[in-house]
Amino acid sequence: MTIESNVNQSNDLDSFRSLTALQQPTWPDAERLDRARSILSENAPIVVPAGADQLRDNLARVARGEAFLLQGGDCAESFAEADSARIGNKIRTILQMAVVLTHGASMPVVKMGRMAGQFAKPRSSDTEIRDGVELPAYRGDMVNGFEFTAESRIPDPMRMVEGYRISAATLNLARAFTQGGFADLRRVHEWNAGFLKNPAYKRYERTAKEIDRAIRFMAACGVDFSALRTTDFFVGHEALLLDYERSLTRIDSRTGNAYDTSAHFLWIGERTRQLDGAHVEFLSKVANPIGIKLGPTTTPDQMMALAERIDPDRVPGRLTFITRMGASRIREVLPVLTTAAKREGLVAAWATDPMHGNTITSATGYKTRRFSDVMDEVVGFFEVHRSVGTIPGGLHMELTGDDVTEVLGGSEEIDDEGLAARYETLVDPRLNHQQSLELAFLVAEMLVT
Ligand code: PEP
Ligand code: MN
């Protein structure tokens with residue numbers, strides 16, 4: 001397979017330019033922007049179309065209830081933290097969660113990072129005020145710097161080129177980890193056994209013992225463990241920065257279809273999913289599997305219209321709805337959508353993002369979430385799908401493999417005061433390594449049927 005140019009008249013990949021694109025930076029230097037765009041257009045793709053197609057086939061299985069999706073990673077990746085230790089910890093956490101979920105679901109788990117491109121953020125305000133000083137908001141490392149100085153907050157289009165380079169290196173490392181024995185089922189299970197040594201997690205011992213017995217059973221039967229040593233790993237990010245996404249879009253010479261080669265999976269955020277907006281228009285033109293975030297105000301008509309725009313041909317695996325309703329709303333809002341989807345015969349996969357509807361400010365002033373709210377939304381997601389007869393297909397999580405203290409609760413209770421110990425996120429609070437594993441054990445219990 002080869003990939004040709006990034007211009008194709010018949011696809012009209014630039015039709016989005018005449019529409020409103022929300023949440024875009026105001027680049028200060030048009031010439032520098034042109035240079036960044038042409039560098040991105042001329043460079044090698046980060047993923048190839050066949051990889052995106054393979055993910056689409058996997059997501060079709062998720063939509064049919066034959067596989068479960070686990071997508072996780074930072075709210076916002078950072079250039080400074082794209083090192084081997086941190087990336088390794090994230091992948092290890094996802095693999096550990098996946099083993100537990102695979103066992104619970106008795107189904108393959110499709111593993112995907114919010115990774116290798118998650119560098120641009122929508123913000124609720126264009127500016128940020130600290131101690132009476134007002135500066136442009138931080139919009140992700142691919143746009144401007146996090147440091148609160150006038151200079152660092154100026155958008156620089158060359159940051160997209162740096163983001164491309166770091167994304168390519170991140171995916172390369174993720175592949176090396178998941179193809180190189182790091183993903184060996186027996187090794188991942190040993191890591192989980194280490195986690196369970198902590199008495200706080202005693203209640204999950206039974207599940208771990210069952211996995212242990214299953215592995216020993218396979219070994220006794222002479223199962224070829226070489227097949228269980230590697231795993232497919234996909235990446236996705238929010239397709240927010242249209243200059244970046246457009247510049248990395250290429251025409252696949254096999255089919256003449258356009259693919260956004262910045263990632264296997266792209267999603268449209270809650271704040272940029274307007275039917276007449278630039279994001280929906282652009283992503284309707286690329287053949288990758290596409291996610292759409294659906295918040296609590298989504299109506300069935302909006303949902304159906306989005307499906308029609310992004311997936312008019314109803315291609316299995318093309319469309320994933322990622323609902324983020326909030327624990328207090330999901331049981332009331334989601335059934336309305338899933339009932340309509342069922343009635344209309346939609347083929348979308350459904351995932352829950354139990355993070356973005358559950359953000360609060362702690363008494364100590366931190367943007368945080370409660371582990372109990374996150375779990376409650378996941379429980380509500382399963383309850384609703386099961387009562388309507390649709391399929392609870394997967395999890396979309398903000399998590400890290402490190403021992404940060406950003407989310408309240410979990411069995412190893414992080415309280416209001418505890419948040420200060422290691423609060424490192426650039427934007428939203430993430431589950432830490434242990435909270436992520438605990439969540440996987442709890443979800444695995446729900447998946448057992
Ligand atoms: C996100 O995923 O980080 C995000 C901004 O989510 P949403 O679009 O659902 O608010
Ligand atoms: Mn976020």
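UniProt, in an unreviewed entry, lists Cys75, His356, Glu398 and Asp428 under "binding site". These residues span 354 residues in sequence, yet no two of their C-alpha atoms are more than 9.9 Å apart, so they gather at one spot. Keep in mind as you look around that this is a predicted model.

**The Cys75 group**
- Cys75 sits in the loop between β1 (68–73) and α3.
- Cys75 counts as buried because it has 21 C-beta neighbours inside 10 Å, where 20 or more are needed.
- Leaving out residues up to four places away in sequence, Cys75 touches Glu398, Thr425, Val427, Asp428 and Arg430; Glu398 and Asp428 are also among the positions that UniProt lists with Cys75.
- His356 is found in the loop between β11 (349–352) and β12 (360–361), and His356 is buried too, with 21 C-beta neighbours inside 10 Å.

- Arg114 belongs to strand β2 (residues 109–114) and is buried, as 28 other C-beta atoms lie within 10 Å.
- Beyond its neighbours within four places in sequence, Arg114 is in contact with Gln71, Gly72, Gly73, Asp74, Gly236 and His237.
- Glu270 is in the loop between β8 (265–268) and α8 (278–283).
- With 20 other C-beta atoms within 10 Å, Glu270 is buried, since the cut-off is 20 or more.

**Around ligand 1**
- The residues surrounding ligand 1 are Cys75, Pro122, Glu238, Gly269, Glu270, Arg271, Lys293, Arg324, Asp353, His356 and Asp428.
- Sorted by class, this shell holds seven charged, two polar and two nonpolar residues.

- In soluble globular proteins, nonpolar side chains tend to be buried together.
- Here, the largest nonpolar core comprises 112 residues, and Leu69, Leu70 and Leu101 have the most contacts inside it.
- Helix α3 (residues 84–105) gives the most to this core, contributing nine residues.
- Not counting residues up to four places away in sequence, Leu70 touches Ile94, Met97, Ala98, Leu101, Val109, Val110, Lys111, Gly394 and Leu395.
- The 22 residues of α3 reach 31 Å from first C-alpha to last, close to the 32 Å expected at 1.5 Å a residue.
- Ser106 follows α3 and has a positive phi, near 50°.

Key
Residues numbered from 1 in each chain as written. Chains lettered and ligands numbered in written order. Predicted model: local features only at pLDDT ≥ 70, side-chain atom pairs only at ≥ 80, totals over all residues. Core = buried A, V, L, I, M, F, W, Y, C linked by C-beta atoms within 7 Å. Buried ≥ 20, exposed ≤ 12 C-beta atoms within 10 Å, placed from the backbone. Helix = DSSP H or I, 4+ residues; strand = E, 2+ residues; numbered from the N terminus. Contact = placed C-beta atoms within 7 Å. Near = placed C-beta within 6 Å. Nonpolar A, V, L, I, M, F, W, Y, C, P; charged D, E, K, R; others polar. Expected span 1.5 Å × (residues − 1). UniProt positions renumbered as here; feature names shortened; annotations may be inferred.
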